[in-house]
Amino acid sequence: MKTVNEIFSLTGERALITGGATGLGLAMSQCFQAAGAEVIMVGSGCGEERTKLAEAMGEGVYYRSFDVADTKRTELFIQEVEETIGPVSILVNNAGNHCKKPIEETTDEDFQAVMDVHLLGAFSLCRALVPRMRQRNKGNIIFQASMTSFIGQPHVIAYASAKSAYLGMVRTLASETSAYGIRVNGIAPGWIESAMLRKALDGDEPRTQKILGRTPMKTFGEPHDIGWAAVYLASPAASFVNGAVLPVDGGALIGF
């Protein structure tokens, strides 16, 4: 039997994490690195600053600038990554954007912009990497879902639609690819301490109490709670976990 350190180790793995240099993506990058994986953080901007961040994190961490919505370039991007860094064994579809408007103010362009990043971007990366993973008979794909994949929240129709669609992508890809050594799962973060959360909640005590009131643990999560959940799903410890979406939410989905 493997030791605990071995069963949760990602040594020898190479993870490509979209949106991996900021927020929850950065926390996942840090946790994957701590678990022994090489990490390729992907983002759409600030190339020099984020390259320095990757260098500061140490050996085996890289930054690559790429807009996941530019799907015509996805295949070439993956080809370049694998030729210059090495084969990708873990894909984390974490990149996202947001649009908070009432439905009557949400334009077709607003809606499409969210779909392009969350859905088309993730789909295109999966399409590029699945054949490579299948050829190697090894792969792991993780989608960053959301509370809005499960519960209704007002004024986020595009975001909620995209995150709900992730559930179908997880289940279909798991059914289609797992016979070839590829596991597919998702994470649904609850309310996690971050600059974005502070911006949303500061000065809005009723909303803060509403969130905490439905969270049995009566607290917000930390970014690394998401990172370690991702490490678990990518590790041998989760070798029989497939087609699942793991809420990491302090119990908010079941709270009363």
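S235 sits in the loop between α9 and β7. Its relative accessible area is 1%, so S235 counts as buried (under 20% relative accessible area; exposed is over 50%, partly exposed lies in between; 1.4 Å probe, protein chains only). Helices (H or I, at least four residues) and strands (E, at least two) are DSSP runs, numbered from the N terminus.

This is a predicted model, where local features need pLDDT of at least 70, side-chain atom pairs count only at pLDDT 80 or more, and totals for chains, interfaces and linings use all residues. Residues are numbered from 1 along each chain as its sequence is written, and side-chain values use heavy atoms, with hydrogens and water left out.

Two strands pair if DSSP finds at least two bridges between them. β5 (residues 139-144) pairs with β6 in the parallel sense, over six bridges. F143 has G186 as its bridge partner in β6. Between β5 and β6 the chain passes through helix α6 (residues 157-177), in a right-handed β-α-β crossover. Right-handed means that, with the strands pointing away from the viewer, the path from the first strand over the helix to the second runs clockwise. β6 also pairs in the parallel sense with β7 (residues 245-248), over four bridges. There, A188 has P247 as its bridge partner.

Now the interior. A nonpolar core is a set of buried Ala, Val, Leu, Ile, Met, Phe, Trp, Tyr and Cys residues joined through side-chain atoms within 4.5 Å. The largest one has 48 residues, and L16, L91, I141, F143, V184 and W191 touch the most other members. Helix α5 (108-136) gives the most to this core, with 11 residues. Another core, of 28 residues, lies apart from it and includes A54, A230, L233 and V248.

G221 lies in the loop between α8 (205-213) and α9 (223-234). G221 is buried, with a relative accessible area of 15%.
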